[in-house]
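Please look through the structure shown below, together with its sequence.

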Amino acid sequence: MAIEISEAQINQIVQSVLKTMPGAKEEKSTQRAWDSTQYEGRTFAGVFTDMNTAIAATQEGYKAVRAMSVEQREKIIAEIRRLTRAEAPIMAKLGVEETGMGRVDHKIAKHLLVADKTPGTEDIQPSARTGDSGLTLIEMAPFGLVGSITPSTNPSETVICNSIGMIAAGNGVVFNPHPNAIAVSNYAVDLVNRASKAAGGPEVLVCSMAKPTMESASIMQSHPLIKLLVCTGGPGVVKAVLSSGKKAIGAGAGNPPVIVDDTADIPKAAKDIIDGCSFDNNLPCIAEKEVFAFDCIADDLIHYMRQNGAYLLSREQTEALEKIVLVEQTGKDGKVRKVINRKCVGRDAAVLMDKIGVKVDSNIRCLICETDFNHLFVQEELMMPILPIVRVHDISEAIDLAVKAEHGNRHTAHMHSKNVDHLTRFARAVETTIFVKNAPSYAGIGFGGEGHTTFTIAGPTGEGITSARSFTRQRRCVMADSFHII
Ligand code: NAD
């Protein structure tokens, strides 16, 4: 008799056998194996064990999209939005449980933002030119098959946001999601496919891998059917994709600085910064990562931050925390350098404090500390609710240091000021894709700020706040001497 056994079950058995072996370390983490192929008995549609098979299935999905009217595509997108709103709490909870990162309430908000503010087919606008020589039509056509690499920090949000834009543009899409967020990413892939089926589209419109690896990413990058690569992640993967020889959109790392000058509304600036920095435990790449505060307002700023859920670390606590959240790693060149401890990324402030033996109130959502500019808390993209504050004398010093701390990512920067000259000087100097004035960072992706949202912010390749039109290619059709009616 053949017995069917899932990969998750195999993992569980392996783990329990390992635990009984001599010398096995005591299991301290509560980590469990995640099933990337089903949720509560519902098998995910569009999830494959082999990248070549996934691409072949995506090609079929693409053919179906090409045969659809724009109205039909829009029906599918409307259903994706509806299901995303309805199932946001499930994905938020699953995302936190699987990755151990972020906050359920904030992840729900992120999914609702994706459902409500990701542009659909209305984003694709043709244009025309007429003149003595007739009419020229310019249309935004699909690329074909898109290969999308997605992060662990906004996993299902990115899958759904990219799917809406890519389908609106008429493409097929295959995902190679982050291995640490594979169950929730594939939940989102299945959601898109369920929406397609419910709205009269194919049962498998978008595809993914049951076990994504570097190798499956590499097959995707070199496959002749993949015409566009979209990579949302850290510097390593963006570099790899941009070196693929294919058209690629790279949405890479940030390290957003915030300047607070002496004209700012300090109580508001303090609240906005803590709201933004602690949002989903600082996982968003746009979130405030370090503050440059004028010396004359720094004490006030810290005072109001503490009134808004910030805990001021002592020098000793800062040093103790540094030893926990940064760990030594030997690079390929044999040099030892400090890198972020992935086990601390996206954790609650109280969990981080617990690691140094300090209990803090449950209303503490951010840890602040005063450091100098060279401190690794300033220089590294921590993605944790830890916010270093560096005192500066004037706007020139603030801009100089903030630009250096941004490391040329040209990703995101923030400023709290009423001095238009200061705001303009910093915006010009830092050259980021997103620049937020007098608001929490998330205003920059349409949450309390004007404009559409995205979870793929393409600074390096210039598409910026990506939307459906970013996933299109221009095509021109010329009718010489006719259709010119004046
Ligand atoms: P990560 O860089 O660890 O991984 C991203 C994805 O790339 C994963 O699927 C991973 O398995 C894969 N990968 C890694 N190296 C690869 C390689 N050489 N070839 C092929 N695939 C590879 O990302 P993460 O830690 O989940 O996300 C955090 C990083 O991503 C941060 O630096 C953050 O700023 C950035 N990010 C940027 C944006 C943006 O829109 N610009 C959005 C989210 C996250």
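Leaving aside residues up to four places away in sequence, Ala-439 touches Lys-268, Asp-272, Glu-288 and His-416, where contact means heavy atoms within 4.5 Å. This is a predicted model, in which local features need pLDDT of at least 70 and side-chain atom pairs count only at pLDDT 80 or more, while totals for chains, interfaces and linings use all residues. Residues are numbered from 1 along each chain as its sequence is written, and side-chain values use heavy atoms, with hydrogens and water left out.

Ala-439 is found in the loop between β19 (434-437) and β20 (457-458); helices (H or I, at least four residues) and strands (E, at least two) are DSSP runs, numbered from the N terminus. With a relative accessible area of 15%, Ala-439 is buried, a term that stands for under 20% relative accessible area, with exposed for over 50% and partly exposed for values in between (1.4 Å probe, protein chains only). The C-alpha atom of Ala-439 is separated by 42 Å from that of Met-51, and the two residues are 388 residues apart along the chain.

The aromatic residues come next. Rings of Phe, Tyr and Trp (its six-membered ring) pair if their centres lie within 6.5 Å, and planes under 30 degrees apart count as stacked, over 60 as edge-to-face and the rest as tilted. By this rule the count comes to seven aromatic pairs. Phe-279 and Phe-447 form a tilted pair, with 5.7 Å centre to centre and 40° between the planes. Because Phe-279 lies in the loop between α9 (266-278) and β12 (290-294) and Phe-447 in the loop between β19 and β20, the pair ties together parts that are 168 residues apart in sequence. Phe-279 is buried, with a relative accessible area of 7%, whereas Phe-447 is partly exposed at 30%. Elsewhere, one aromatic cluster is formed by Tyr-39, Phe-44 and Tyr-187.

Two packed helices are described by the angle between their axes and the distance between the axes. Here the axes are lines fitted to C-alpha atoms, for helices over the stretch in contact, and angles run from 0 to 180 degrees between N-to-C directions. Helix α3 (residues 70-99) and helix α6 (residues 182-198) pack at an angle of about 160°, with their axes 9 Å apart. The two helices α3 and α6 are therefore roughly antiparallel to each other, since angles under 35 degrees count as roughly parallel, over 145 as roughly antiparallel, 65 to 115 as roughly perpendicular and the rest as oblique. Among the residues that make this contact are Ile-80, Leu-83 and Glu-87 of α3 and Tyr-187, Leu-191 and Arg-194 of α6.

Residues of α14 including Ile-399, Ala-402 and Val-403 meet residues of α15 including His-422, Phe-426 and Ala-429.

Two backbone angles complete the tour. Met-383, in the loop between α13 (376-379) and β17 (386-392), has phi near 55°, a positive value in a residue other than glycine, and Met-383 is buried at 10% relative accessible area. Phe-483, in the segment after β22 (472-480), has phi near 60°, also a positive value in a residue other than glycine, but at 59% relative accessibility Phe-483 counts as exposed.
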